Amino acid sequence: MSGITSICVYCGSSNSVSEKHLDQATLLGQQAAEKGIEIIYGGGRVGSMGRVADGALTGNGQVTGIIPEYLQRFEVGHTGVSELVVVDSMHTRKMQMFERSDAFCILPGGLGTLEEFFEVATWKQLGMHDKPIILINLENFWTPLTDLINHQIECGYLRQKPEDIYSVVNSIEEVFVTLENLPDSRVKPDVTLL
């Protein structure tokens with residue numbers, strides 16, 4: 001799989017969402033485990049976070065959760081994962097998730113998920129990394145976001161083609177096909193931003 005041994009999954013932590021979204025999070029974890037790909041995620045036991053971890057664990061997959069001490073105090077950490085790393089801050093959490101991952105998959109989620117996507121996408125735009133980023137557009141959840149990004153391009157605020165920064169898929173199965181078929185390098189830094 002093009003050298004991909006771990007994927008970082010950004011997703012929501014709410015159980016009050018579409019059951020289909022939760023089921024697809026489970027499927028992502030299961031399919032990663034089947035392919036021997038480690039899951040790196042935010043360490044939670046609820047919502048899509050918990051489901052992706054549980055999906056991988058049922059397939060005897062490796063799951064590393066990274067959670068800030070602040071959230072761990074609320075007892076939302078998943079104690080059944082292969083490794084649960086408790087860190088001092090959200091910033092440390094995100095950096096460790098980034099460093100341990102070969103690619104990023106973004107399931108539906110809230111503000112935190114958006115923030116995580118924008119951070120790794122911006123870093124890629126600046127040429128700080130060239131790891132694959134995949135938006136999983138279940139039931140067109142991310143279509144308003146991709147429309148906004150296209151609007152930014154039309155207005156001159158973004159010069160790169162979105163497909164040079166991230167890929168969009170509509171199903172979990174497409175995630176792994178996309179990872180297998182991505183070229184080695186697709187990004188050229190936007191030096192006008194530096």
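Thr-26 is buried, at a relative accessible area of 18%. Buried means under 20% relative accessible area, exposed means over 50%, and partly exposed lies in between (1.4 Å probe, protein chains only). The model is predicted: local features need pLDDT of at least 70, side-chain atom pairs count only at pLDDT 80 or more, and totals for chains, interfaces and linings use all residues. Residues are numbered from 1 along each chain as its sequence is written, and side-chain values use heavy atoms, with hydrogens and water left out.

**Helix packing**

Thr-26 sits in helix α1. Helices (H or I, at least four residues) and strands (E, at least two) are DSSP runs, numbered from the N terminus. Leaving aside residues up to four places away in sequence, Thr-26 touches Arg-51, Val-52 and Gly-55. Contact means heavy atoms within 4.5 Å.

Two packed helices are described by the angle between their axes and the distance between the axes. For helix α1 (residues 19-34) and helix α2 (residues 47-58), the angle is about 35° and the axes are 6 Å apart. Axes are lines fitted to C-alpha atoms, for helices over the stretch in contact; angles run from 0 to 180 degrees between N-to-C directions. The crossing of α1 and α2 is right-handed. That term applies if the near helix is turned clockwise from the far one by less than a right angle, and left-handed applies if anticlockwise.

On the α1 side, the contact includes Leu-22, Ala-25, Thr-26 and Gly-29. On the α2 side, Arg-51, Val-52 and Gly-55 are among the residues involved. By class, this contact of α1 with α2 has six nonpolar, eight polar and three charged residues. Ala, Val, Leu, Ile, Met, Phe, Trp, Tyr, Cys and Pro count as nonpolar, Asp, Glu, Lys and Arg as charged, and the others, Gly among them, as polar.

**Salt bridges**

A salt bridge is a side-chain nitrogen of Lys or Arg within 4 Å of a carboxyl oxygen of Asp or Glu. The count comes to six salt bridges. The table lists some of them.

| Pair | N to O distance |
|---|---|
| Arg-51 and Asp-23 | 3.2 Å |
| Glu-83 and Arg-100 | 3.2 Å |
| Glu-119 and Lys-94 | 3.5 Å |

Arg-51 in helix α2 and Asp-23 in helix α1 are 28 residues apart, so this pair links distant parts of the chain. Arg-51 is partly exposed, at 24% relative accessibility. Asp-23 is partly exposed too, at 39%. Glu-19, Asp-23 and Arg-51 are linked in a network of salt bridges.

Glu-83 lies in strand β4 (residues 83-87) and Arg-100 in helix α4 (residues 90-100), so their bridge ties together parts 17 residues apart in sequence. Glu-83 is partly exposed, with a relative accessible area of 32%. Arg-100 is also partly exposed, at 32%.

Glu-119 belongs to helix α5 (residues 111-125) and Lys-94 to helix α4, so this pair joins parts 25 residues apart in sequence. Lys-94 counts as buried, at 9% relative accessibility.

**Cysteines**

A disulfide is a covalent bond between the sulfur atoms of two cysteines. Here it is assigned to a pair of cysteine sulfur atoms within 2.5 Å. A search of the whole structure finds zero disulfides. Cys-11 is in none; the nearest cysteine sulfur, that of Cys-8, is 9.1 Å away. Cys-11 is buried, with a relative accessible area of 6%.

Cys-105 is buried, at 0% relative accessibility.
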